[in-house]
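Hi everyone, thanks for coming. I'd like to walk you through one structure today, so let's get it up on the screen.

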Amino acid sequence: MKTIFGKVMAGRKRKMLAMGVAAAAPEQGVNKQKIQAGVKLKVSPAKLKEPVQCGKDAQSAETERSSYFTHTDLQHRLGQDFFNQPCISLAKAFLGKMLVRRCADGTELRGRIVETEAYLGGEDQASHSAGGKRTERNTAMFMKPGTIYVYPIYGIYLCMNVSSEGEGAAVLLRSLEPLQGQPVMRQLRAARRREGARQLKDKELCNGPSKLCQALNISRCFDRRDLASDSEVWLERDPNASAVESYDIVSAPRVGIESHGEWAKKPWRFYLRGHPCVSVVNKEAERQS
């Protein structure tokens with residue numbers, strides 16, 4: 001790598017680039033013009049294609065061992081039975097559950113799911129599996145419930161989905177409330193932002209599908225892996241479930257599928273009313289709920 005600071009800084013930059021995140025899918029409001037124009041990022045396009053890990057540099061910022069999460073076993077982990085339910089039911093059931101990402105150095109990143117979208121498979125014209133179409137990209141949607149489906153969009157973003165009961169059906173994870181490992185998440189997000197950008201607030205770390213993937217370092221290698229048994233990413237019951245009991249579930253149209261006509265109006269996006277980490281608030285849907 002070339003750098004005006006010489007070989008010493010080159011070594012440091014290579015170390016920092018280990019924090020880079022693989023491409024992730026854009027949340028609502030991404031400026032496509034800036035993407036196409038090539039906004040200056042801290043990581044080169046070539047590096048974005050490489051697999052990365054939450055390394056020791058990220059951990060050194062602050063290794064969080066939150067008192068909120070003290071268990072060392074997987075007693076709260078959700079298994080195969082949880083995922084084996086209809087798509088809309090699963091999308092709602094995800095709300096309030098904990099998504100956990102264990103990095104290579106043992107650091108664990110945790111976030112509470114606060115927003116999802118259901119894609120019902122063959123009948124759903126806004127789904128990647130519309131009409132029962134099966135491709136190399138969407139194979140995970142046809143695998144057993146709980147299979148992770150990670151796909152790229154615009155070449156530099158990712159979305160994380162989870163298959164459900166039903167042929168080609170899956171749930172998109174749209175937003176998380178970060179609860180553990182925020183300093184690591186912030187560094188992972190910063191690696192993909194412009195030089196000199198302001199520091200992100202906690203509520204901005206995972207409030208959109210691409211942000212979620214960046215903050216938890218979810219890369220393409222997670223595609224087709226089993227969320228019920230994987231050692232690096234899994235789902236847990238919230239040990240403090242009362243934290244979400246005060247929220248109502250809002251049903252609203254899905255985001256970014258306006259070209260799909262009547263299917264764009266289906267109220268298959270679900271989020272916790274009033275939660276600050278929801279990516280897109282729909283006031284009309286909230287009034288009708």
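In which strand is the place of Arg 110? Arg 110 sits in strand S2, residues 108-119; strands here are DSSP runs of E with at least two residues, helices are runs of H or I with at least four, and both are numbered from the N terminus.

Quick housekeeping before we go on. This is a predicted model, where local features need pLDDT of at least 70 and side-chain atom pairs count only at pLDDT 80 or more, while totals for chains, interfaces and linings use all residues. Residues are numbered from 1 along each chain as its sequence is written, and side-chain values use heavy atoms, with hydrogens and water left out.

Okay, back to Arg 110. Is Arg 110 buried or exposed? Arg 110 counts as buried because its relative accessible area is 2%, and buried means under 20%, exposed means over 50%, and partly exposed is in between, using a 1.4 Å probe and protein chains only. So who does it talk to? The side chain of Arg 110 makes a polar contact with the side chain of Glu 236, at 3.1 Å. A polar contact is a pair of N or O atoms within 3.5 Å; within protein, one must be able to donate a hydrogen and the other to accept it, and residues adjacent in sequence count only if both atoms are side-chain atoms.

Arg 110 also forms a salt bridge with Glu 108, with the closest N and O atoms 2.7 Å apart. A salt bridge, by the way, is a side-chain nitrogen of Lys or Arg within 4 Å of a carboxyl oxygen of Asp or Glu. Glu 108 and Arg 110 are both buried. The structure holds 19 salt bridges, so let me show you a few others.

Take Asp 238 and Arg 112, whose side chains meet in a salt bridge at 2.9 Å, N to O. This pair links distant parts of the chain, 126 residues apart: Asp 238 is in the loop between strand S6 (233-236) and helix H9 (242-245), and Arg 112 is in strand S2. Asp 238 is buried at 10% relative accessible area, and Arg 112 is buried at 3%.

Next, Arg 174 and Glu 117 form a salt bridge, their closest N and O atoms being 3.7 Å apart. Arg 174 lies in strand S5 (residues 170-180) and Glu 117 in strand S2, so the pair ties together parts 57 residues apart in sequence. Arg 174 and Glu 117 are both buried.

Last one: Arg 101, Arg 225, Asp 230 and Glu 232 are linked in a network of salt bridges.
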